Amino acid sequence: MKGHVPTHAELADRMVAKLFEKRLPRDGDRILYPGIGTGPFALAVSQFCNEHDVPEPAGVGIELDPDRIETARDRLQDANVEIERREFLRELSNLGEFRYVVGNPPYVPIEGLDEEEKERYRAQFDVANGRFDLFALFFEQALGVLADDGRLVFVTPEKFEYTEATTPLRRLMTEYHVEEIEHLQEDAFDGHITFPTVTTIQNRSGDETRIVRRDGTEDTVVLPTDGGSWASTLRETRSETLESDVTLGEVTERISCGVATGADSVFVTDESEVPPQLDDWTYPTTSGRQLRINDGPYSNQVFICPYNEDGRLPPEDELGAFGDWAEMHRDRLEDRSCVEKGKQVWYGWHENPPLQDILQPKIVCKDVADEPAFWADREGSVVPRHSVYYLVPADHVDLKEMLDYLNSEPARAWIESHAQKAHNDFYRLQSKMLTDLPVPEEWGKSYQTTLV
């Protein structure tokens, strides 16, 4: 199974302790190791049982990789476990039920799967939704063989708590008792930044979930059961909850990330270095990093842009001075994947920019930030790069009023409670999350008035 990330012994020991907490093994118990790898969990179980003088459950390990199987069998000669070479995400009805399940499922996003795999998984698993990850499928498969009152402990990325794709997984989990969610430090796995989370689930009814955060704080919460994001429930918010039926997406014309050229080193330059004959082919631009440095979107850099103001890409025989300049960079521009795959002409950007929307007064923000912050492009002249998100207010909403609201404490707290996490505990300010941000009710009322 691809996506294998080895589990170090200390973490395996901690997870096994959770597995057996107030539920010590008894004679006849069985334990399942999905994707057993080289056997860290089976080894930890064997050691726990020896140290606590309790029976070691009869183990079944599932693994597809022959080299890992060989290593596991060598390490586990004294353990009570049988290892089967098979794919865990195939039919498991012949395995029976297990009182315990423990493991570290593979982390493989949908981009790492071929078309046959995607089709098979979508047909087989309820949680194979949207841009699913294999670890979500492991949850569904493992819970399906968990005995009544049995317990499962998995370590996975935390993103199942809030992504759109894992909505069915959250619904599935709350059909059981999610006993605990512990957030590990982001670098818990050497060489991987995964924001790992240890989830403990028991096959019984129960509402309260213990939350252990990375900063050491703890809470007991009741998780939403409708599949909605758990982020605001699990994170510690620092201000009041926003209550409004009107969202940012309803009072903006557009919320999008900036343009991608596939060759910023060619198309982006300092304004002072633009050849005079290209002055009419440029727009001011900013990156996310420059937003912070300049405290706003007005930098000294420009895009050399082949597009008309309506976003139309002129034919090559109408390029004039731009065509002469672009020809000097033709090899580099033709080397881009969008050109090689036939999705774009050689002098176009990676994607055609919606300039009619972009060239309006708007609000911009970094796509990844240590704290949410927003700035205004009141002139509507800046074409933001791909590391910047831009919001175009609807006609009836004042730009300054929207900017002040987005930078207010309640809005920032809401964003920090709902945004996905990036490296170093930064926040990802993505369009779906921004679209769902509650905004003042009167903005919606003003909109209804304009419709009348």
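Two strands count as paired if DSSP finds at least two bridges between them. Helices (H or I, at least four residues) and strands (E, at least two) are DSSP runs, numbered from the N terminus. Before you click, know that this is a predicted model, where local features need pLDDT of at least 70, side-chain atom pairs count only at pLDDT 80 or more, and totals for chains, interfaces and linings use all residues. Residues are numbered from 1 along each chain as its sequence is written, and side-chain values use heavy atoms, with hydrogens and water left out.

**Stop one: a four-stranded sheet**

Select β14 (residues 362–366) and β16: three bridges join these antiparallel strands. Zoom in on Val364 and you'll find Trp375 of β16 opposite. Now bring up the whole open sheet, whose order is β10-β17-β14-β16 with antiparallel pairing. Its edge strands, β10 (252–257) and β16 (375–377), each pair on one side only. On average, neighbouring strands here are turned by 25 degrees against each other, direction ignored; the axes behind such angles are lines fitted to C-alpha atoms, for helices over the stretch in contact, and angles run from 0 to 180 degrees between N-to-C directions.

**Stop two: a three-stranded sheet**

Next, pick the open sheet with the order β11-β13-β12, again with antiparallel pairing. Which strands stand at the edges? They are β11 (268–270) and β12 (282–284), each with a single partner strand, so one side of each has no neighbour in the sheet. The twist from one strand to the next averages 40 degrees. Look at Tyr283 too: its bridge partner in β13 is Phe303.

**Stop three: helix α15**

Is α15 mostly covered or mostly open? Mostly covered: seven of its 10 residues are buried, meaning under 20% relative accessible area with a 1.4 Å probe, protein chains only. Among them are Trp414, Ile415 and Glu416.

**Stop four: the largest pocket**

Select Tyr162, Thr163, Glu164, Gln420 and Gln430, which are the closest to the centre of the largest pocket among its 38 lining residues. A pocket is an open set of points on a 1 Å grid over the protein atoms alone, where a 1.4 Å probe fits, with protein on both sides within 12 Å along at least five of seven lines; lining residues have an atom within 4 Å of a point. Finish on α16, which gives the most to this lining, with four residues.

Definitions and conventions: Buried < 20%, exposed > 50% of the residue type's maximum accessible area, 1.4 Å probe, protein only.
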